[in-house]
Amino acid sequence: MPDALPQAWLELADGRMHWLDAGVCTIGRAATNQLVLDVAGISRNHAVLQPGEAGGHVITDLHSTNGTYLNGLRLERSSTPLNDGDTIEIGGIKFIYRRQQGGDTPTPGAAAGATSVQIHSGHVWLLMLDLIGHTAHTHAVGAETASADFKRWIELVRPVLVRSGATINAYLGDALFAYWRQDRHPADKVAPAFREIVALQATSPRPFRTVLHYGKVAISGGLQGESLTGTDVIYLFRIEKCTKQLGSRCVLSEPAAKSLNLTAEARSLGSHPVPDYPGQHAFFSLG
């Protein structure tokens, strides 16, 4: 039985998500478009997204009056490949192209483009949300049902992250990677959002794990979005993998629990080794 295909969608500024299930998505004022935007400045048939040769999508402007902009640059006539996190602007309306990355979960930090520059260095809360048994579930129920479950899961957890001001950096296979910058979001705002995410585990269409760490990162930005680098980013991915054996659906590193003042209400998961990081490391859980 085939694995579920990677999902792609558009995120509108008002919080709506437009799934690109049909592959081809026409955008414009006319009612015949897949994504209808009845706004002055948008042509009846303004632009089209189509599947690309190497996966993902390409975008083409359909000779519109006011043009189509990708990451601030006006598109030419030719089709242009889209990258996860790209900003598309049509008639003053902006939305983000997102794509679930297939394969094993990689570590964030890949190049954000040749012209990327560091835009922040400081402490952040790093969050990983990971579906449990996604591959086995796909083979049990089929790709179509598994894809539908993935959509419902994203539509459940994403609004909490958006409302709390978290930045969703990437959708990595069956996982979601996000962060809160401490200079923008104080601990007393992040802690309630984290509790709300943990509470969603009881109503989620698919079981998922929540892993949180607090550390220092460097954030770079470029035409292809943001990238995060630093040993604490790698540490998050290490603990996400090595704590699966603990059987807890919620894992906080000790720095995360202390920074959010959660040690009193959290239960201890004990101390455990983390590959490539010396010593024993304490972990906690909520819920």
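Predicted model: local features only at pLDDT ≥ 70, side-chain atom pairs only at ≥ 80, totals over all residues.

Switch to cartoon and you'll find five helices and 19 strands.

Stay zoomed out for a moment. The C-alpha trace spans about 60 × 45 × 30 Å along its principal axes. Among contacts with a separation of 6 or more, 60% come from residues 24 or more positions apart.

Colour by charge next: the mean positions of the 25 positive and 26 negative charges are 3 Å apart.

Time for the charged pairs. Side chains of opposite charge can pair when their charged atoms come close. How many salt bridges does the structure hold? There are 12 salt bridges in it, and here are some stops among them.

**Stop one.** Select arginine 98 and aspartate 84, which form a salt bridge with the closest N and O atoms 2.9 Å apart. Arginine 98 sits in strand S11 (residues 93-101), and aspartate 84 is in the loop between strand S9 (80-81) and strand S10 (87-90), so the bridge ties together parts that are 14 residues apart in sequence. Buried or exposed, arginine 98? Arginine 98 counts as buried, at 6% relative accessibility. Aspartate 84 is buried as well, with a relative accessible area of 17%.

**Stop two.** Pick glutamate 196 and arginine 163, whose side chains meet in a salt bridge at 2.7 Å, N to O. This pair links distant parts of the chain, 33 residues apart: glutamate 196 is in helix H3 (residues 187-199) and arginine 163 in helix H2 (residues 143-164). Glutamate 196 is partly exposed at 34% relative accessibility, while arginine 163 is exposed at 57%.

**Stop three.** Go to aspartate 276 and arginine 238, a salt bridge with the closest N and O atoms 3.0 Å apart. Aspartate 276 lies in the loop between strand S18 (267-274) and strand S19 (277-285), and arginine 238 in helix H4 (residues 231-242), 38 residues apart. Here aspartate 276 is exposed, with a relative accessible area of 64%, and arginine 238 is partly exposed, at 28%.

**Last stop.** Select Asp130, Arg209, Glu240 and Lys244 together: salt bridges that share partners join these residues into one network.

Definitions and conventions. Residues numbered from 1 in each chain as written. Heavy atoms only, no water. Salt bridge = Lys/Arg side-chain N within 4 Å of Asp/Glu carboxyl O. Helix = DSSP H or I, 4+ residues; strand = E, 2+ residues; numbered from the N terminus. Buried < 20%, exposed > 50% of the residue type's maximum accessible area, 1.4 Å probe, protein only. Contact = heavy atoms within 4.5 Å. Lys, Arg positive; Asp, Glu negative; His and termini not counted. Charge placed at Lys NZ, Arg CZ, Asp CG, Glu CD.
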